[in-house]
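Subject: Structure handover

Hi,

Here is the structure for you to look over. My notes follow it.

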Amino acid sequence: QKVVAREALKSLGPLDYCGLLHWSNFGSDAWLWRPGLSRVGTRRQQMTQALRRMSPGDMPSFQNSMQMALVEFRKCKASVKHMIIISDGDPTPPPAALVNQFKKDGIMITTVAIGAHGVTGAQTLADIANFTGGNYYVVKNPKALPKIYQREARRVTRPLVKDLNNV
């Protein structure tokens, strides 16, 4: 997880926002750095150091972390809002009303299933991604993870307007 997050952070520019929610050692969802969503700016080194110290855990439910993310996304002035969830899929699924809020607010969620515990976990992740317009990935080889995150970062950083004279 640390390698994947570091690779995603590397692909972001200084004006991009980044946040990382994880299940902390204290038994709760927590932002790895404050504020929750921050401009990379000159903080890239600080963010990378925090990633190195992170001890990811196994969250029991998607609801609290997704609610925390939604609050931060609503404060964020970014033109494209994209969240990536990496999970084994076994946390309790988020309520439909919460996922509806992400879609209503135009926040795309891409999900990555790693070591999913059967069809139920994989289906939860697929449903979140499909409903919000994100991509759903199933990863069997961890070496594929950095490329997925780089692809998703490029997906949201590509120009929104193309100059047809230069195509």
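Aromatic pairs first: the structure holds zero. A pair here means rings of Phe, Tyr or Trp (its six-membered ring) with centres within 6.5 Å; planes under 30 degrees apart would count as stacked, over 60 as edge-to-face and the rest as tilted. Lysine 103 lies over the face of phenylalanine 131, at 4.8 Å from the ring centre. The test is NZ of Lys or CZ of Arg within 6 Å of the ring centre and within 35 degrees of the ring normal.

Before the rest, the ground rules. This is a predicted model, where local features need pLDDT of at least 70 and side-chain atom pairs count only at pLDDT 80 or more, while totals for chains, interfaces and linings use all residues. Residues are numbered from 1 along each chain as its sequence is written, and side-chain values use heavy atoms, with hydrogens and water left out.

Now the largest pocket. Its volume is about 1400 Å³. A pocket is an open set of points on a 1 Å grid over the protein atoms alone, where a 1.4 Å probe fits, with protein on both sides within 12 Å along at least five of seven lines; lining residues have an atom within 4 Å of a point. The volume is the space filled by probe spheres set on the points, which are joined across faces, edges and corners. Of the 50 lining residues, Gly19, Leu20, His82, Met83 and Ile84 are the closest to the centre. β5 gives the largest share of the lining, seven residues. Strands are DSSP runs of E, at least two residues, and helices runs of H or I, at least four, numbered from the N terminus. By class, the lining has 35 nonpolar, nine polar and six charged residues. Nonpolar covers Ala, Val, Leu, Ile, Met, Phe, Trp, Tyr, Cys and Pro; charged covers Asp, Glu, Lys and Arg; the others, Gly among them, are polar.

Disulfides: zero. The cut-off is a pair of cysteine sulfur atoms within 2.5 Å. Why none for cysteine 18? Its closest cysteine sulfur, in cysteine 76, is 11 Å away, too far for a bond. Cysteine 18 is buried (under 20% relative accessible area; exposed is over 50%, partly exposed in between; 1.4 Å probe, protein chains only), at 13%. Cysteine 76 is buried too, at 9%.

One backbone point. A cis peptide bond joins arginine 34 and proline 35, with omega about -15 degrees. Proline 35 sits in the loop between β3 (29–31) and β4 (38–39).

Best wishes
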